[in-house]
Structure formats: structure tokens, C-alpha cells
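Work through the exercises below with the structure open. Try each task before reading its solution.

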Amino acid sequence: MATNTTKKTVKKNTKTIESKEQWPQSMPFRKINYILMGVGLVVLILGYILLSGGGSDDPSKFNEAIFDARRLKLAPITLVIGFIIELFAIMYRPKQNNSDTEETQA
């Protein structure tokens with residue numbers, strides 16, 4: 001008899017956890033969040049590629065290319081834009097339509 005009552009309690013507990021008020025969403029990110037994260041990652045990689053280079057093969061010679069506008073202006077701006085896109089991708093929460101809520105309830 002004790003096993004029957006524990007089974008009923010477990011069933012009741014799973015039903016309360018699955019309710020919309022206590023567990024609103026199963027995944028923290030949606031497809032759009034992952035797409036935005038990928039775009040941000042590509043922009044970051046592009047920024048690091050723009051930042052690289054400008055070295056000299058001979059250590060006794062100085063290469064002026066390290067002070068190029070690409071490395072001092074363009075690459076840092078690209079990196080900041082990439083980090084802003086990543087932050088936005090993490091914080092973005094799409095609006096829920098009525099169709100989204102009906103799908104999660106079904």
C-alpha cells in the first residue's frame with residue numbers, strides 16, 4: 001500500500017513542475033539567439049584577423065606596419081562591435097506570440 005501512495009505523489013509532483021507558472025521555458029536560448037551568437041563570433045574572428053600581422057622577420061629592424069590604421073582603429077572597433085553583438089545575443093528575448101504559448105501548452 002505504501003508503494004501506491006508514493007507513485008501518486010510522484011505523479012502529482014511531475015504535473016506541478018510541468019505547469020507554465022513554475023517552469024515557463026525548457027531552453028534558455030532560442031534559434032535566433034544562436035544565430036546572433038554565430039554572427040557575433042564571426043565578427044570577433046574578423047576583428048582578431050584584422051589585428052594580427054605587422055611583425056618583422058628581422059628583430060633588428062623596426063616595421064612601421066604595426067601602427068597602421070587597420071590595427072589601431074578598424075580592428076578594435078570591429079572587436080567592440082562583435083562583443084556588443086554577443087552581449088545582445090545573450091540578453092535578447094523574443095516576444096512570445098499566442099501561437100508560441102499554444103505550442104508549449106500542447
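**Exercise 1. In which helix is Glu86 found?**

Solution. The model is predicted. Glu86 is found in helix α3, which covers residues 69-91.

**Exercise 2. Describe the surroundings of Glu86.**

Solution. 
- Step 1: look for a charge partner. Glu86 is buried and has no salt bridge. A salt bridge would need a side-chain nitrogen of Lys or Arg within 4 Å of a carboxyl oxygen. The nearest side chain of opposite charge, Arg93, is 17 Å away.
- Step 2: look for a backbone partner. The Glu86 side chain reaches the backbone nitrogen of Leu41 at 2.9 Å.
- Step 3: list the contacts. Leaving out residues up to four places away in sequence, Glu86 touches Leu36, Met37, Gly40, Leu41 and Leu44.

**Exercise 3. Explain why Val39 can belong to a surface patch.**

Solution. 
- Step 1: name the patch. Ile32, Ile35, Val39, Phe88 and Tyr92 form a nonpolar patch on the surface. Together they have about 420 Å² of accessible area.
- Step 2: Val39 lies in helix α2. This helix, residues 31-51, gives the patch its largest share, three residues.
- Step 3: apply the cut-off. Patch residues need over 30% relative accessible area. Val39 qualifies on this count because its relative accessible area is 41%, making it partly exposed.

Key: Residues numbered from 1 in each chain as written. Predicted model: local features only at pLDDT ≥ 70, side-chain atom pairs only at ≥ 80, totals over all residues. Heavy atoms only, no water. Helix = DSSP H or I, 4+ residues; strand = E, 2+ residues; numbered from the N terminus. Buried < 20%, exposed > 50% of the residue type's maximum accessible area, 1.4 Å probe, protein only. Lys, Arg positive; Asp, Glu negative; His and termini not counted. Polar contact = N/O pair within 3.5 Å; in protein donor to acceptor, adjacent residues only side chain to side chain. Contact = heavy atoms within 4.5 Å. Patch = residues over 30% accessible without salt bridge, like charges linked within 9 Å, V, L, I, M, F, W, Y side chains within 5 Å. Areas by Shrake-Rupley, 256 points an atom, 1.4 Å probe, with all protein chains shown as cover.
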